[in-house]
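Please examine the sequence and the three-dimensional model shown below before reading on. The paragraphs after it are intended as a guided tour.

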Amino acid sequence: MIRASISSFGLISTYSIPQQSKKPNPYQSHQKVFSKSNHVLDFTSSKTLEIRKTCECFDLYNELVPYDKAWSWQKNIVREKKALIESNEECPDSLIILQHSPVYTMGTASSEEHLNFDIKDPPFQVFRTERGGEVTYHGPGQLVMYPIINLRNHKMDLHWYLRALEEVVIRVLSSTFSIKASRLEGLTGVWIGDQKLAAMGIRVSQWITYHGLALNVTTDLTPFRWIVPCGIQNRQVGSIKELLRQSQPSNGCRKSNLHHPDDFQLIDITHNSLIKEFSEVFQLEVQHKTNPLFEPSENNI
């Protein structure tokens, strides 16, 4: 039995796909940007001509899902996949994408020293989980992807898996927003300078992954001040919205802001790109499905 936890939170329905807007993406660029480590990674070359395996996608990206519900849901899917493997049946990959109600989560390496509040009187709920790493924050405006995949169908290599998750985000930022992101040696996640935009925290059991990645899109970053994010001192947390805002000219010219999307559009654009790049990096055909065990809440956003 293989069990592992790795994270950057430390040193880490069938319903139809939402129709994409036919308006051009104002941030789309044909410029190709590579991360520092891309030259040693090859996610597609040997598989591009093969028939892609399917991945069922439970897409609740415009829902605020309580953390404990999503956590329990993941573990149920993992148990189902283990049963399929034990019965020598086909074990398809799964992907959950959503947003969370405000919450702090702590991993296996978490220390209360990295909480800037009394654990007995937290500003939001706090959950101790079995994922790797340190404390982080989840909340509205942050897109969370939980891939529950059988690494036997990909590569039985946890470091490859983490690099693949990073690659998904790096491609989203590059192809959709012309933002050059990178990896930092010794740290997991996706960075712009000293700002971390995406964190990864995973658990792997019998080569089946769960937990995943969190990308700050329009997130209110204030709750990160009440923790030491990922247990990493002297580093900042950033968001796509803030990076785009900073890139806008400050000379009073309005022309460049004519197509600047609002928060909802920015979430939509990022969501569509995440699913596209996830499909490409993992060479999967994503099929949207409804979930028989989980009913979407009324917390639409």
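The model is a predicted one. The secondary structure of the protein chain comprises four helices and 13 strands. The chain has 301 residues, and 54% of them count as buried. Its accessible surface amounts to about 14600 Å², with 49% of that area belonging to carbon and sulfur atoms.

The largest cavity has a volume of about 150 Å³. Its lining consists of 19 residues, and those nearest the centre of the cavity are Lys196, Ala199, Phe224, Cys230 and Val237. Which strands supply at least two residues each to this lining? They are β6 (136-138), β10 (195-205), β11 (208-216) and β12 (236-237). Strand β10 provides the largest share of the lining, namely four residues. Sorted by class, the lining of the largest cavity contains 12 nonpolar, five polar and two charged residues.

Charged side chains also pair with one another elsewhere in the description. The structure holds nine salt bridges. One of them joins the side chains of Glu280 and Arg52, with an N to O distance of 3.2 Å. This pair links distant parts of the chain: Glu280 belongs to helix α4 (residues 263-282), Arg52 lies in the loop between β1 (3-7) and β2 (53-65), and the two are 228 residues apart. Glu280 has a relative accessibility of 30% and therefore counts as partly exposed. Arg52 likewise counts as partly exposed, because its relative accessibility is 28%.

A second salt bridge is formed by the side chains of Glu112 and Arg128, again described by an N to O distance of 3.2 Å. Here too the pair links distant parts of the chain, since Glu112 is in the loop between β4 (103-106) and β5 (125-128), while Arg128 is in strand β5, 16 residues apart. With a relative accessibility of 41%, Glu112 counts as partly exposed. Arg128, at 46%, is also classed as partly exposed.

Another salt bridge lies within a helix. The side chains of Glu167 and Arg171 meet at 3.0 Å, N to O. Both residues belong to helix α2 (residues 158-177), and their separation of four residues corresponds to about one turn of the helix. Are these two partners buried or partly exposed? Glu167 has a relative accessibility of 5%, so this residue counts as buried, whereas Arg171, with a relative accessible area of 24%, is partly exposed.

His288 is part of strand β13, which covers residues 284-288. Because its relative accessibility is 5%, His288 counts as buried. What does the side chain of His288 contact? A polar contact of 3.1 Å joins the side chain of His288 to that of Asp59.

Definitions and conventions. Residues are numbered from 1 along each chain as its sequence is written. This is a predicted model: local features need pLDDT of at least 70, side-chain atom pairs count only at pLDDT 80 or more; totals for chains, interfaces and linings use all residues. Side-chain values use heavy atoms; hydrogens and water are left out. Buried means under 20% relative accessible area, exposed over 50%, partly exposed in between (1.4 Å probe, protein chains only). A polar contact is a pair of N or O atoms within 3.5 Å; within protein, one must be able to donate a hydrogen and the other to accept it, and residues adjacent in sequence count only if both atoms are side-chain atoms. On a 1 Å grid over the protein atoms alone, a cavity is a set of points where a 1.4 Å probe fits but cannot get out, and a pocket is an open set with protein on both sides within 12 Å along at least five of seven lines; lining residues have an atom within 4 Å of a point. Grid points are joined across faces, edges and corners, and a volume is the space filled by probe spheres set on the points. Ala, Val, Leu, Ile, Met, Phe, Trp, Tyr, Cys and Pro count as nonpolar, Asp, Glu, Lys and Arg as charged, and the others, Gly among them, as polar. A salt bridge is a side-chain nitrogen of Lys or Arg within 4 Å of a carboxyl oxygen of Asp or Glu. Accessible areas come from the Shrake-Rupley method with a 1.4 Å probe; for residues, only the protein chains shown count as cover.
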